[in-house]
Amino acid sequence: MKEVVFSGIQPSGSLTIGNYLGALKNFKPLQEEYQCIYCLVDLHALTVEQDPKFLRKNTLQLLALYLAAGLDPYKSIVFIQSHVPEHSELQWLLNTITPLGQLQRMTQYKSKSKLQEENIQAGLLNYPVLMASDILLYQTKYVPVGEDQRQHIELTRDLAMRFNSRYSDTFVMPEIMTPKVGAKVMSLQDPTSKMSKSDSDPNSYILILDDEKTILRKVKRAVTDSLNNFSYNEDQIGLRNLIDIYCAFEEINHSEIVSRYESLGYGKFKEDLAEIIIEGLKPIKNRYEEYIADRSELENIYRMGADKARKIAYKTLRKAYKKVGLIPR
């Protein structure tokens with residue numbers, strides 16, 4: 001049997017080109033080599049207050065983008081998290097073996113709780129356990145995440161090890177899978193930070209669904225430097241970030257870009273980069289429009305995915321229930 005790759009992403013708005021280059025672009029090759037399971041983690045999205053109608057809209061939009069990017073629902077499993085109740089059920093079992101102190105030491109909890117000290121919800125503290133449940137339910141071998149999620153994977157491994165040690169082998173020990181290309185696209189305005197759709201400055205990121213004029217404007221406004229030296233090095237991190245984006249879309253080496261533009265300058269490079277991004281995203285946008293216009297097809301796909309996911313999830317949950325002494329239903 002193929003090893004399992006599990007990926008979950010929150011339906012909190014449109015995705016950026018960072019999401020595309022770091023994750024979605026890898027859908028096709030991954031689903032040929034692994035059993036891929038993609039989860040739209042709408043329960044995780046509830047850790048912050050959501051407008052219900054926008055949450056529903058964003059969930060369907062995200063599903064349509066996944067499919068438009070090349071995810072094949074007959075080769076992979078794609079489903080909505082809240083449609084598989086085993087996620088929440090396994091979370092409760094894992095809660096009973098999770099030290100409170102370990103959750104309070106999580107970096108993201110500490111940073112986010114400082115922003116809302118007067119209104120810290122239990123979900124903010126507890127969602128890493130739900131994330132662990134997401135992963136362990138499917139006997140996941142690999143989880144494609146960035147370095148900012150490493151601590152959560154380490155917690156997942158700790159919980160799997162603790163459960164296996166106490167009740168005998170039940171869960172596979174997951175590992176991080178780092179994409180070979182495009183793993184980390186930086187902000188267009190602050191190249192020391194990762195590109196994020198939650199950034200307060202909309203000029204810092206390019207959304208997959210941005211129109212052509214918006215993409216051109218954002219690329220032209222992207223930070224480079226005042227050196228006027230077209231080179232790929234650590235002293236020119238703004239330009240280096242743009243070259244990395246160019247390379248990821250065209251699948252060529254950065255030295256080719258440098259030799260092509262060292263005599264043409266930043267302006268010409270940015271114009272060409274914008275055009276490459278626009279052309280690279282065009283097929284996805286076209287397929288997206290087809291999917292998002294066909295609500296019944298999206299419903300068929302997420303229901304089919306949930307049925308497949310539940311068969312796997314229930315098998316794992318039933319085993320875990322039996323191990324801890326609960327009577328299987």
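The mean pLDDT of the protein chain in this predicted model is 92, and 98% of the residues of the chain reach 70 or more.

The packing of helix 5 (residues 86-95) against helix 8 (residues 122-136) was examined as a helix pair, and the two elements meet at an angle of about 115°, with their axes 8 Å apart. The crossing of helix 5 past helix 8 is right-handed. On the side of helix 5, the contact is formed by Glu86, His87, Ser88, Leu90, Gln91, Leu94 and Asn95, and on the side of helix 8 these residues meet Asn126, Val129, Leu130, Ala132, Ser133, Asp134 and Leu136. By class, the residues of this contact comprise six nonpolar, six polar and two charged.

Serine 168, a residue other than glycine, has a positive phi near 90°, and serine 168 lies in the loop that runs between helix 9 (150-167) and strand 5 (175-176). With a relative accessible area of 37%, serine 168 is partly exposed, because this value falls between the limits of 20% for buried and 50% for exposed residues. Glutamate 251, which is likewise not a glycine, has a positive phi of about 60°, and the position of glutamate 251 is in the loop between helix 11 (237-250) and helix 12 (254-261). The relative accessibility of glutamate 251 is 64%, so this residue counts as exposed.

The cysteines were then examined for disulfide pairing, and the count of disulfides comes to zero. Cysteine 36 is buried, with a relative accessible area of 0%. For cysteine 39, the nearest cysteine sulfur is that of cysteine 36, at 14 Å, and cysteine 39 is likewise in no disulfide. The relative accessibility of cysteine 39 is 0%, so cysteine 39 also counts as buried.

How values were computed. Residues numbered from 1 in each chain as written. Predicted model: local features only at pLDDT ≥ 70, side-chain atom pairs only at ≥ 80, totals over all residues. Heavy atoms only, no water. pLDDT = per-residue confidence, 0-100. Helix = DSSP H or I, 4+ residues; strand = E, 2+ residues; numbered from the N terminus. Buried < 20%, exposed > 50% of the residue type's maximum accessible area, 1.4 Å probe, protein only. Axes fitted to C-alpha atoms, helices over the stretch in contact; angles between N-to-C directions. Left-handed = near helix turned anticlockwise from the far one by under 90°. Contact = heavy atoms within 4.5 Å. Nonpolar A, V, L, I, M, F, W, Y, C, P; charged D, E, K, R; others polar. Disulfide = S-S within 2.5 Å.
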